[in-house]
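Work through the exercises below with the sequence and the model in view. Try each task before reading its solution.

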Amino acid sequence: MSGLADLTLGFIPLTDCAPLVVAKAQGFFAEEGLEVSLSREASWATIRDKVLVGALDGAHMLAPMALAAGLNDPRAAMLAPLALNQNGSAITVSARLAAQLREIDPEAMAAPLITAAPLAKLVERRREQGAPTLTFAMVFPQSMHNYALRYWLAEAGIDPDQDVRLVVTPPPRMVEHLRSGEIDGFCVGAPWNAVAVEEGLGEMLIKASQLWPGGPDKVFGVTAGWAERHPGELRAALRALIRAATWADEPGNHAELVALLARPEHVGAEPEALARALRSEIVFHRDAAGLPRREHALWFLSQMVRWGQVRPELDLDAVADAVYRPDLFREAAASLGPVLEPAMLFADAAPTGSDLFDGTPFDSTKALAYATGFPISRVRTGA
Amino acid sequence: MRVLVIDPDSARAALVAEGLEGVQPLEVRRAAAFDEREVAAFAPDVVVIAADSPDRDTLESLREASQNNPRAVVMFVDRSEPGLAEQAVRAGVAAYVVDGLAPARVRSVLDVAMSRFALTQQLRGDLAKAKADLESRKIIDRAKGLLMKERGLDEDGAYRLLRKLAMDRGKPIGSVAADLLAFAGVLKGDAS
């Protein structure tokens, strides 16, 4: 008996739930003395609510969701002591839309970084013709996917609130909605972009690794209260998840990982689609992918300010430091021995300029100025 | 008051809708999935949604977008008495209401939804158990028949032998009976 409480952890059917599924299936939780049940959930809102009321001890979570949870109610404050992955998402448009864009500018369509330029032309043309606005889906208001899609559109001069229609669609339904024509494109995590491509329904225009090399995505989230009451369980869970992330990065384990994720109780998608993002996109552990970086938290918060989800008066640094806990990650990682280059443990010690695809530098010490400096934004003003 | 029940489980949705009909003057509709046009046309005051419906995230986004919308959508549990949120989440129910609706009215809707969800779960559990019991009784009867034939026992003797095997192995009698039938099948060459 380890003396540790049994845990129930939630996840959404996406490739980046891998560290949780692997830690359970490979026995890493058990080796840390934890008896863990995994609970597949249907929505991010349910993940958040169940973690808040304690029906789940922790979960696979959208990083900005963890940051936003405590903003209106301090009792709902969450912690992100571990980043589950880097990259893995992409922006995909329907095959029909891709063909129209290629007609407008075949050269731009061959260069992922400027694929939004022909889209801007098409949006303008449709406006002149009085055609209905294009609809793009993402997964949640507070998600990397919403911010990435908005950033990409706005960088090409497309106002995401006025020139197109943005809707929220659950990840497993994206492909179905693209097929039915309800949406023209989406930004979602793996494997759903690859599923659309495999079925010949869509084309990936830009991947997260091109949009923001090394950019953040999901975290492991718990409430601050739970972390305080269960330090032993948290540390054991982090150790198991870090070991699982290391295992999942290993190319030699990918066939087994794909088989595990393909099971209906996990992601339940076609193995070939699952294998795609693992080959070249998603990173779970190497390059300090597990470190919840302060500058990532501040970038998310800057986008919340930019799009009017929070007021610009919010103390962004205080929120980032309260929720993102690289110290907890470091402590767990260091206790495991040499799972990381020692230098990587402190990779965020001196924040480096973190640039997105358009080259606009993001300096986390000037997050507010960055948030309010975009030509297209919804920064809230007045009382 | 108009209430929309969104639940991919149509039997449960019907039960919730039926329960609500009796509560107070209201119009209830149910849908398996969220449909924006349908919702806009019906203009519900309350949306009761199952936690296992993936459409919850879409409703969350409407709540977000309604900052400048006169029919602001809020999640009921946000401002309700402590404990209710937890109760609803554990029962598998969430509710979104148009701002300004009296909390007591929403509470009664939510109470009905929670009790019907619990009832559905109990009924499903009972049904599964009844099916399993019936199945296990059939298996025990077949195993008894096998022992009677092969060992020349009477029915009572066959049952006592099964019970003894179950007790020696610390397993339910139904599972010992199933093992026995499976082995008999293998010996006869049924299984391959």
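**Exercise 1.** Is the crossing of H14(A) and H15(A) left-handed or right-handed?

Solution. Some conventions come first. This is a predicted model, in which local features need pLDDT of at least 70 and side-chain atom pairs count only at pLDDT 80 or more, while totals for chains, interfaces and linings use all residues. Residues are numbered from 1 along each chain as its sequence is written, and chains are lettered from A and ligands numbered from 1 in the order in which they are written.

Step 1: find the helices. Helices (H or I, at least four residues) and strands (E, at least two) are DSSP runs, numbered from the N terminus. H14 covers residues 254-262 of chain A and H15 covers residues 271-280 of chain A.

Step 2: take the geometry. Axes are lines fitted to C-alpha atoms, for helices over the stretch in contact, and angles run from 0 to 180 degrees between N-to-C directions. The axes of H14(A) and H15(A) come within 9 Å and cross at roughly 130 degrees. That makes H14(A) oblique to H15(A); angles under 35 degrees count as roughly parallel, over 145 as roughly antiparallel, 65 to 115 as roughly perpendicular and the rest as oblique.

Step 3: assign the hand. The crossing of H14(A) and H15(A) is right-handed. A crossing is left-handed if the near helix is turned anticlockwise from the far one by less than a right angle, and right-handed if clockwise.

Step 4: list the residues that meet. From H14(A) they are A:His254, A:Leu257, A:Val258, A:Ala259, A:Leu261 and A:Ala262, and from H15(A) they are A:Pro271, A:Leu274, A:Ala275 and A:Leu278. Contact requires C-beta atoms, placed from the backbone, within 7 Å. By class, the residues of this contact are nine nonpolar, one polar and no charged. Ala, Val, Leu, Ile, Met, Phe, Trp, Tyr, Cys and Pro count as nonpolar, Asp, Glu, Lys and Arg as charged, and the others, Gly among them, as polar.

**Exercise 2.** What is the strand order of the open sheet of five strands in chain A?

Solution. Step 1: the order is S2-S1-S3-S10-S4 (chain A), with mixed pairing. Strands pair if DSSP finds at least two bridges between them.

Step 1: S2 (36-40) and S4 (78-83) of chain A are the edge strands, each pairing on one side only.

Step 2: S3 (residues 58-62) and S10 (residues 218-223) of chain A pair in the antiparallel sense over four bridges. One bridge joins A:His60 to A:Phe220 in S10(A).

**Exercise 3.** Which residues does the cis peptide bond join?

Solution. Step 1: the bond joins A:Ala190 and A:Pro191, with omega about 5 degrees.

Step 1: A:Pro191 is in the loop between strand S8 (185-188) and helix H10 (192-198) of chain A.

Technical notes. Contact = placed C-beta atoms within 7 Å.
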